[in-house]
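Q: I'd like to learn how to read a model like this one, feature by feature. Can we start with a helix?

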Amino acid sequence: MTGPLVVAGDVLLDIDIVGSSSRLCPDAPVPVVEQAEERPRPGGAGLAALLAAAAGREVVLVTALADDERGRRLRAMLEEHVEVAAFHLHGGTPCKLRIRSGGQSVARLDAGEGQALDGPVGPRVTDAIAGAGAVLVADYGRGVTRHRAVRSLLGELPPGVPVVWDPHPRGEPPVPGVRLLTPNAEEAARLAAADGAEIGGTGLSAAGRRGRHLGRAWGIDGVAVTLGPEGALLCDGSDAPFLAPARPARGDSCGAGDSFAAGAVGALADGGSLAAAVTEGVHRASEFVRAGAAAALAAQLAESGTARLVPERGEDAWDVVDRTRRAGGTVVATGGCFDLLHAGHVSMLQQARRLGDCLIVCVNSDASVRRRKGPARPVTPAADRVRVLEALSDVDAALVFDDDTPAPLLQRLRPDVWVKGADYAGTALPEAETVRAHNGEVVLLPLLEGRSTTRLLSTTKGNAS
């Protein structure tokens, strides 16, 4: 890529009002949110531009901004991270305000009906698009992609400049030459229906049919239908679409689509294939959600005026615990060797996860397993055991400990609930005192009869002989 990455589209001001709630309003059945704190951030194309810049790229944001208080706040936040080339937005700056408590949205208020109307855009906008090395169009239906001058400039880009178009049902069809279209499943259904294609059903099959229809209708090389926690399905004209699965991630998904599009256009700008771009987009979106998504970005901006935007690494167990506690949630933990994962393990983990807002699994290290089980164990090394556990939707994160008991780890973890199997009934758990010292509780859960790693191994040896 020789020129900057240009993000073109509609910018919104997103504001989270974050507080705690423990009672209902006396005059209506609604929660009272107390100790509320305002956390503003750029939304729409502004968020996409920030996320693209987080990868270390030179980013120019082409958008329309109003000269009102909200517009000036937006410009100030954006110009700390990206170059802004803006023309006039007619009307008030669009603003979406979410009231949140306990990690959940209680209500959303929308204000500002500003629209980008045809008119002069100025030389900064013209030069930015003409000199782009790659383009991400983030259409939020507010008129930037309908503006004649902007559409004309986008349509005149050289063939070697990759364009990713993130559409909106109230937006405009993409210009010719777009490399990748990135609707989510609902947007793909609405866009296909608006084009006269009544494609019923849900799931991968329906997403594939809609993606192929949009690709044919708009002459686009690739259509990636994003599927939330299932990843993204790339329809690129081949016999079978390519599915890029997502790493399990719970929590607020606000902004995940922008993170996906920013990751995808970055990969294309670096010369990657469509499949590589979709895979990178899914990876970036998963990490974004795991790190707290747009709400975490707002918190970072509120604390320091700047933001890390996207974590250098995925969210680890300590991040999960910290986020859960900040949201007033319950931390559940359990532990064991988990040498050969079986149905009994899965049943206990499913039950444990229902007891709180996150589940941390404490895993015996290889040395710890050998001391407990003998020199032939573990069958599976700790790194592989952790990877398998963290692939389960009920497990938020795993930690490895090297001691004979998890008590030293629990001293730091301080779970609200510590879970063990009912086979420990009537025995003294060495870690129970540590858990209760921090006002936690120890809970025993029922087991599936006849399931154990030892039994599996003995059965395998018997069959082999």
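A: Helices (H or I, at least four residues) and strands (E, at least two) are DSSP runs, numbered from the N terminus. The expected span of a helix is 1.5 Å times one less than its number of residues. Helix H6 has 16 residues (203-218), so it should span 22 Å, and its end C-alpha atoms agree at 23 Å apart. Keep in mind that this is a predicted model, where local features need pLDDT of at least 70, side-chain atom pairs count only at pLDDT 80 or more, and totals for chains, interfaces and linings use all residues. Residues are numbered from 1 along each chain as its sequence is written, and side-chain values use heavy atoms, with hydrogens and water left out.

Q: Which residues of H6 are buried?

A: Buried means under 20% relative accessible area, exposed over 50%, partly exposed in between (1.4 Å probe, protein chains only). In H6 the buried ones are Ala 206, Ala 207, Gly 208, Arg 210, Gly 211, His 213, Leu 214 and Gly 215. Their cover includes strands E10 (180-181), E11 (222-226) and E12 (232-235), along with helix H5 (185-194). Just past H6, Gly 219 has a positive phi of about 60 degrees.

Q: How many residues of E11 are buried?

A: Five of five, so E11 is largely enclosed by the rest of the structure. Gly 222, Ala 224 and Thr 226 sit on one side, Val 223 and Val 225 on the other, and both faces are covered.

Q: Which way do E10 and E12 run against E11?

A: Two strands pair if DSSP finds at least two bridges between them. E10 is parallel to E11, with two bridges, and Leu 180 stands opposite Gly 222. E12 is antiparallel to E11, over four bridges, and Thr 226 has Ala 232 as its bridge partner. Five residues lie between E11 and E12 in their hairpin, where Gly 228 has a positive phi near 65 degrees.

Q: What does Leu 180 touch?

A: Contact means heavy atoms within 4.5 Å. Beyond its neighbours within four places in sequence, Leu 180 is in contact with residues including Val 163, Trp 165, Ile 220, Gly 222, Leu 234 and Val 278.

Q: Where is pLDDT under 50?

A: pLDDT is the predictor's confidence in each residue, from 0 to 100. The chain averages 87, and 90% of the residues score at least 70. It stays under 50 over residues 304-314, which have 28 contacts beyond four places in sequence, and over residues 461-465, which have zero such contacts. Where pLDDT is low, the predicted coordinates should not be read in detail.
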